[in-house]
Amino acid sequence: MWRMAMATRIETPAGTASEPAIVPDRSARYDPAVIEQKWRERWQRDDLYRVEDDAPGEKFYALTMYPYPSGVLHIGHWFAFVAPDIYARMLRMRGHNVLYPMGFDAFGLPAENAAIRNNIHPAIWTFDNIAKMRQQYHQMGAMIDWSRELATCTPDYYRWNQWFFLRMLERGLAYRAMGAVWWCPQDQTVLANEQVLDGNICERCGSEVIKRDLEQWYFRITDYAEELLHEGETLDWPERVKTMQRNWIGRSEGARLRFTLETGDALEVFTTRPDTVWGATFMVLAPEHPLVARLTTPEQQADVAAYIEQARRQTEIERLSTDAARSRTGVFTGGYAVNPVTDERIPVWIADYVLMGYGTGAIMAVPFGDQRDFEFARAFDLPIRAIVQPPDETGIDPATMTGAYTGPGILVDSGPMTGKRVPEELPEIIAWLEETGRGEAEVTYRLRDWLISRQRYWGTPIPVVYCDECGMVPVPEDQLPVELPLDAEFTPTGQSPLVSHEAFLHTICPQCGGPARRETDTMDTFVDSSWYWFRYTSPHEEHAPFDRETAARWTPVDLYCGGIEHAILHLLYARFFTKVLRDLGLIDHGEPFLRLRNQGIILAEEGTKMSKSRGKTVSPDDLVAAHGADALRLHLMYLGPWDQGGPWNARGITGMERFIRRAYGLVTETGAGPFVGSMASTETTALARLQAKTIQRVGDDLDEFQFNTMVAALIEYVNELMRLHAREPDLIHTPRWRSALETLVLLMAPSTPYVAEELWDRLGMPYSVHHQSWPSYDPALTQEATVEVVVQVNGKVRDRVLLPPDLAEEEAKARVLAQPKIVAALGGNSPRTVIYVPGRLINIVV
């Protein structure tokens, strides 16, 4: 029985025949603060959003990238999270068993910096922030199953990072090698990229930093390069993200060629254009190349050493810049190499635009066909040799060239390959190089192995020890986790406290029982985020990273939402980790996220990116206090397309609050009855069509992640209901009206969970609205009753008539020919031809 809350019946005066009027209960006004607190407490008490693994319904794993616990959620976090929350709620109402968990990416450098700055332990700082952010998620009304919460800085989580490391070490996927890092000579410490300002300035002390080679730990992601490249094409991800990953992996087909140095050493280079080797007039090595020292002649040593030091002070971005304003720099080593196809003696230079981490760290320089080589040759007066004649041209004079020629053509001055068309006959040229022992075909990748070492405290300890007798020894599995010491002392020296923590540093070798030293590097925090969604499926599992059966039920993730800034590193590492877990036999799939959607960025009002460090954020707490969480949720979704974002403004939130108040008043003032039966009228038919069309619109918009138009559909629905009520006041006494109001509340439930719960309760419906089914509709009611059809006579428009869109052709023709304007236009003549285009046009030829 429907409840009569919000209205009281007034007895009809004697002699009148009208139905009792509905008078609203003015004491029950919309008060978001009261309503939201009331239902938030009820939901938490009832554990409303707890998900059972074996609950009925098709599984759907919806996931939003977990946040770093930096202290508070700003408006950008709300924008990122509200949309997938709405979508997950809608799916649950459609009958899916939806997993929607949350956790915290809790390791990281900001916590360590805060420890030094505020004299507080990173763990205390982190967990205080997590508590604040958890409260804000509750305030948001998010449909999170908090029983699955995790924080990556807890030993019960990071022990499995260590377990994965050991499995990868066994398979050769984890290894140590020398790697270049930023080094501050003043602080005597390694710096993260984020700590290097303006290219070469230490954030801590302001001194100039340099690159230094240290032994580092790596994951061999390059073993999966081909699989990462090709399987990514099958995913329902934004094309922009797939393109970014494709470019980052950077597959190149070409050949590896062998040059001989005058020192007797072989110098190998990879090139995608082996057809241009006849035009190689000099070689360029990365300043870090191990052969530089052997090549350099005594008279060049001072210049070479100075240039190497200069290159170490630059970032890779600076060195790879193609900015025309940036002049090419380099130094001649004094050494020479022999071109393998011309036997010509060519000089060997070093230059910063060649990096050791790309290819072999050496290139054959072909200034005719490569722009950077061309600029370098012009800068140092090195020879340029024409090797390709463009189609239908007489040739290019190197002396007058203003840029490299990279187009197709016919090889010239290229020995036995002269006359070959490139790139069409490139395979034949590579085959010749292989047959003559000068090179071989090869595929290379721009992708480099994942450097996971961090010289920081607040991260997962790498589970190995170093013994003078046994060398590097993995920590046995039964000794995991290797825990971070909580009594670490943080000083402004810049060094990780693990380096000086005697109890942590000194241990026993598990192999020989002798003294050993623990690894003091910790893991990159991207390791934490490369598998966390598996842990959500069984967060309390003690004997494995996750329960395989439960993970098989839920994963892969059906929908993953987050920022485009994670398009490369996080998403690529997550894909790599998933493939490794598959190969370890823990799962049976190779891709983590079937569908990816990226939100845009909410900018500060002046158009810059919001940043906590620069004080450019908007606090949602004040807006919630003033207008309510539901109004803020709607406002964020109405700002514009979710995948585009845009500048923040608070002006529209009052409009969303007014809309909620209108909807609240409409339901509470007209939804209590009495309902006296069906009422056949134009208005009830219009109401039925409006109801069906709105259900369709809202559902379609949510399916397409068009949240702004979904909000518009809700607003239009309320406005139309109010217009219908104004035209036909007695409409509110019909079951159709009651059904339309219930539909309104159900459609609002994903977007405005608090007020929807309140209105559902005031309608006398069973708790909770968030356990109800998504409203259904008759598709026939979404079709237009009539459409306008243009009627032409001999090509001229003579009339426009309204016809049902599914009207049979003969019936449509008969109705049109009977129209007075058409009868007059025909003037008694019989039509020779009548052409009917359904729903659009009837053309009569006389």
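Mean pLDDT for the chain is 90, and 93% of its residues reach 70 or more; pLDDT is the predictor's confidence in each residue, from 0 to 100. This is a predicted model, where local features need pLDDT of at least 70, side-chain atom pairs count only at pLDDT 80 or more, and totals for chains, interfaces and linings use all residues. Residues are numbered from 1 along each chain as its sequence is written, and side-chain values use heavy atoms, with hydrogens and water left out.

Over residues 1-27, pLDDT stays under 50. For that stretch the model has 47 contacts beyond four places in sequence, a contact being heavy atoms within 4.5 Å.

Now to helix H18, residues 629-638. Helices here are DSSP runs (H or I, at least four residues), numbered from the N terminus. How does H18 cross H19, residues 653-670? Their axes come within 8 Å and cross at roughly 120 degrees. Axes are lines fitted to C-alpha atoms over the stretch in contact, and angles run from 0 to 180 degrees between N-to-C directions. That makes H18 oblique to H19; under 35 degrees is roughly parallel, over 145 roughly antiparallel, 65 to 115 roughly perpendicular, and the rest oblique.

H18 also packs against H21, residues 707-727, at about 120 degrees, with the axes 7 Å apart. So H18 is oblique to H21. On the H18 side, the contact is made by Leu-634, Met-637 and Tyr-638. On the H21 side are Phe-707, Asn-708, Val-711, Ala-712 and Ile-715. By class, that contact has seven nonpolar, one polar and no charged residues. Ala, Val, Leu, Ile, Met, Phe, Trp, Tyr, Cys and Pro count as nonpolar, Asp, Glu, Lys and Arg as charged, and the others, Gly among them, as polar.

Notes. Helices (H or I, at least four residues) and strands (E, at least two) are DSSP runs, numbered from the N terminus.
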